[in-house]
Amino acid sequence: MSEPTIHFDKVNKWYGNNFHVLRDIDLQVKPGERLVICGPSGSGKSTMIRCINALEDYQEGKLTVAGSLLGDDIKAIDAVRRQVGMVFQQFNLFPHLTVLENLTLSPTWVAGLSKKDAIERAMAQLERVRIAEQAQKYPLQLSGGQQQRVAIARALCLTPKIMLFDEPTSALDPEMIKEVLDVMMELANQGMTMLCVTHEMGFAKAVADRVIFMDQGQIVEENTPTEFFNHPQTDRAKDFLSKILGH
């Protein structure tokens with residue numbers, strides 16, 4: 001058995017004194033595994049994946065990512081962040097920098113790459129998300145779908161072992177969703193460990209090894225996509241699926 005690349009062990013998190021946002025999260029993710037995390041709004045999905053790269057801290061339990069225990073140790077947090085790429089709902093691109101400049105910023109500053117190597121790597125990732133011809137444009141000259149693909153390429157420039165996607169298509173117009181999901185499917189097929197919070201159930205069926213269903217800060221159900229969609233085990237999952245799939 002290979003060691004899990006991500007291991008939540010009884011992880012709890014509160015906001016303030018009374019909002020218990022994550023409750024006893026137990027989850028192991030193997031290298032190369034692809035998880036889709038779904039559930040109603042406010043169920044703790046985004047908070048859970050934001051803990052993986054220490055954008056959120058937790059108060060109880062243990063969270064180990066890529067061999068490092070996440071806690072107060074700044075070195076461990078840095079080590080993890082070097083191996084974890086994240087793509088958000090909002091693209092978070094710098095509007096005053098070109099696409100290429102957005103992509104070379106972190107590799108030169110954080111990873112210490114030379115300008116030449118950073119540009120080479122950036123162009124390779126822009127090719128990978130099929131948007132290399134836009135390298136000299138500014139983000140606001142691109143469509144939402146193109147901006148999100150740039151954001152994915154930017155995360156890939158730090159050559160992460162794990163990619164986190166937090167509702168990456170929810171800010172997009174419907175016709176742009178497919179181009180982003182297509183890029184994510186290609187990444188999934190290349191063996192990248194992926195955790196994706198999304199309501200795109202077609203994507204979950206096509207890509208996920210496991211679907212994790214969360215509600216009220218807990219993992220209520222986890223299963224293969226086929227089992228989860230065809231035979232949900234809990235009333236909460238049935239209710240969620242009937243709302244989202246309309247049956």
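Trainee: What makes the sulfur of Cys51 too far from the closest cysteine sulfur for a bond?

Mentor: This is a predicted model. In it, the closest cysteine sulfur to that of Cys51 belongs to Cys196, at 17 Å. A disulfide needs the two sulfur atoms within 2.5 Å, so 17 Å is too far for a bond.

Trainee: Why is Cys51 called buried?

Mentor: Its relative accessibility is 1%. The cut-off for buried is under 20%, so Cys51 counts as buried.

Trainee: How do you know that Cys157 is too far from its closest cysteine sulfur for a bond?

Mentor: The closest sulfur is again in Cys196, and the separation is 20 Å.

Trainee: Is Cys157 buried or exposed?

Mentor: Buried: the relative accessible area of Cys157 is 0%, and the class takes values under 20%.

Trainee: How many disulfides does the structure hold?

Mentor: The count is 0.

Trainee: What makes E3 and strand E8 a pair?

Mentor: Pairing takes at least two bridges. E3 and E8 (residues 193–197) are joined by 4 and run parallel, so they qualify. Within this pairing, Leu35 stands opposite Leu195.

Trainee: How do you know that E3 pairs with strand E9?

Mentor: By the same cut-off of at least two bridges: E3 and E9 (residues 210–215) have 4, in the parallel sense. Here the bridge partner of Leu35 is Arg210.

How values were computed:
Residues numbered from 1 in each chain as written. Predicted model: local features only at pLDDT ≥ 70, side-chain atom pairs only at ≥ 80, totals over all residues. Heavy atoms only, no water. Helix = DSSP H or I, 4+ residues; strand = E, 2+ residues; numbered from the N terminus. Buried < 20%, exposed > 50% of the residue type's maximum accessible area, 1.4 Å probe, protein only.
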